[in-house]
Amino acid sequence: MREGTGVDVDLRKLRYFVAVAEELHFGRAAERLHIAQPALSRQMRALEDDLGVQLLRRDRRGTELTAAGARLLAEAPRLLAASTAMVRAVTAAAAETPRFTIGFMPGITVTPAVRALASRHPGLDVRLLRTGWQDQVEVLHDGRADVSIVRLPIDQHGLRVRPLFTEPRVVVLPADHPLATKSALPVGDLAGEHLLQDPDAVPEWRDVADELRTGERAEVPPINSVEEKLELVAAGAGICVIPLSTATFYTRHDVVILPVEGIGAGHVCLAWSATRSSPLITDFAALADLLTPPRLPSGTSESENDGADGER
């Protein structure tokens, strides 16, 4: 219920609205929701009647959001996630065995803290949830995880975030790349390479990149996992810059990882919902200090890898 309005918002209608607002096409939204298009149209008119505002404007050119619709689209995902989290929390509270779920990003080893938590709380059902860049924060908002080991940068709205450690980021090259025989590289040596990620994720490369200076940057295909990224590197499609822990976890014979002088470190943190508090979260936050970063090979300087946000 919106405070002061006396309006109860139907969450099903809200989910339908989000689909329409994201697709800006009733037909595609109906397919996505697996309902008939006329039924979807009726639900949207009913939602507008409930709220007393116009959310969508339809004409022969298509569908667009009104100012009220744009604001609702900004607010709705948080409300839907909170609803999902509430259901999960109530279900968990009714379970005979208490459960605690820890989200973690690829390459981060959480075993020491998990074992310590299980030892401190015998009978606790400790579960692990592998996350990615797209959902490492989402799993906290919708209740899939109680805490999450995240890589910065993230949207910290509604979260408590505690720094854990920093780690170097490295470049991944095909094994037959001309630079693969070097022990380390200055970032300038990568100016002529094609980066298989958002240039803003590696601003040090962005500032020297030839393909950005000339405007001839090739399109980067959608990449949904570290595995896909490494496959593309091995195939010679480009290079990537990733945290050292991720690079060493996915050891392959057809790619080479090298330290890069001038690229900032990645930051790893513990995060949990600011609206949640429990002894288990407090205990795990203390035990998370057991997590330690990987180190570059002996003799490799880490001095150039301090002080920047983590990268994807």
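These are my notebook entries on a predicted model, kept in the order in which I looked things up.

**Entry 1: overall layout**

Along its principal axes the C-alpha trace spans about 65 × 60 × 30 Å. I then looked up burial, and found that buried residues account for 43% of the 312 residues in the chain.

**Entry 2: the largest pocket**

I turned to the largest pocket, for which I noted a volume of about 710 Å³. Its lining is made up of 26 residues, and those that lie nearest the centre are Ala85, Ala89, Gly143, Asp146 and Arg276. Sorting the lining by class, I wrote down twelve nonpolar residues, eight polar ones and six charged ones.

Which elements each supply at least two residues of this lining? I found helix H4 (67-94), strand E3 (99-104) and helix H6 (138-141). The largest share, ten residues, comes from H4, and I therefore kept H4 in view for the next two entries, given that Glu75 and Arg78 also lie in that helix.

**Entry 3: a nonpolar patch on the surface**

On the surface I picked out a nonpolar patch formed by Met86, Val87 and Val90, which together have about 290 Å² of accessible area. Met86 has its place in helix H4, the helix that gives the largest pocket ten of its lining residues. Is Met86 buried or exposed? I recorded Met86 as exposed, because its relative accessibility of 52% is over the 50% cut-off.

**Entry 4: a salt bridge within H4**

The structure holds 24 salt bridges, and I went through several of them one by one. Glu75 pairs with Arg78, with the closest N and O atoms 3.2 Å apart. The two residues are three apart in helix H4, which means that about one helical turn separates them. Glu75 is partly exposed at a relative accessible area of 28%, and Arg78 is likewise partly exposed, with a value of 44%.

**Entry 5: a salt bridge between distant parts of the chain**

I next looked up Asp283 and Arg120, which form a salt bridge whose closest N and O atoms are 3.8 Å apart. This pair links distant parts of the chain, since Asp283 sits in helix H11 (residues 279-287) and Arg120 in helix H5 (residues 111-120), 163 residues apart. How does burial compare at the two ends, and what are the values? Asp283 counts as buried because its relative accessibility is 18%, under the 20% cut-off, whereas Arg120 is partly exposed with a relative accessible area of 47%.

**Entry 6: two further sets of charged residues**

The side chains of Asp125 and Arg127 meet in a salt bridge at 3.0 Å, N to O. Asp125 counts as partly exposed at 23% relative accessibility, and Arg127 is partly exposed as well, with a relative accessible area of 38%. I also noted a network of salt bridges that links Glu22, Glu23, Arg28 and Arg32.

From Val18 to Leu40, 22 residues apart along the chain, the C-alpha atoms are separated by 12 Å.

I then checked the backbone for positive phi values in residues other than glycine. Leu24 has a phi near 50° and is found in the loop between H1 and helix H2 (26-33); at 36% relative accessibility Leu24 counts as partly exposed. His34 has a positive phi of about 60° although it is not a glycine, and its place is the loop between H2 and helix H3 (37-51). I recorded His34 as exposed, because its relative accessibility is 73%.

**Entry 7: a cis peptide bond**

Which two residues does a cis peptide bond join? I found the bond between Leu152 and Pro153, with omega about 5°. Pro153 lies in the loop between strand E5 (147-151) and strand E6 (159-167).

Terms used
Residues numbered from 1 in each chain as written. Predicted model: local features only at pLDDT ≥ 70, side-chain atom pairs only at ≥ 80, totals over all residues. Heavy atoms only, no water. 1 Å grid on protein atoms, 1.4 Å probe; cavity = no way out; pocket = protein on both sides within 12 Å on 5 of 7 lines; lining within 4 Å. Points joined across faces, edges and corners; volume = space filled by probe spheres on them. Helix = DSSP H or I, 4+ residues; strand = E, 2+ residues; numbered from the N terminus. Nonpolar A, V, L, I, M, F, W, Y, C, P; charged D, E, K, R; others polar. Patch = residues over 30% accessible without salt bridge, like charges linked within 9 Å, V, L, I, M, F, W, Y side chains within 5 Å. Areas by Shrake-Rupley, 256 points an atom, 1.4 Å probe, with all protein chains shown as cover. Salt bridge = Lys/Arg side-chain N within 4 Å of Asp/Glu carboxyl O. Buried < 20%, exposed > 50% of the residue type's maximum accessible area, 1.4 Å probe, protein only.
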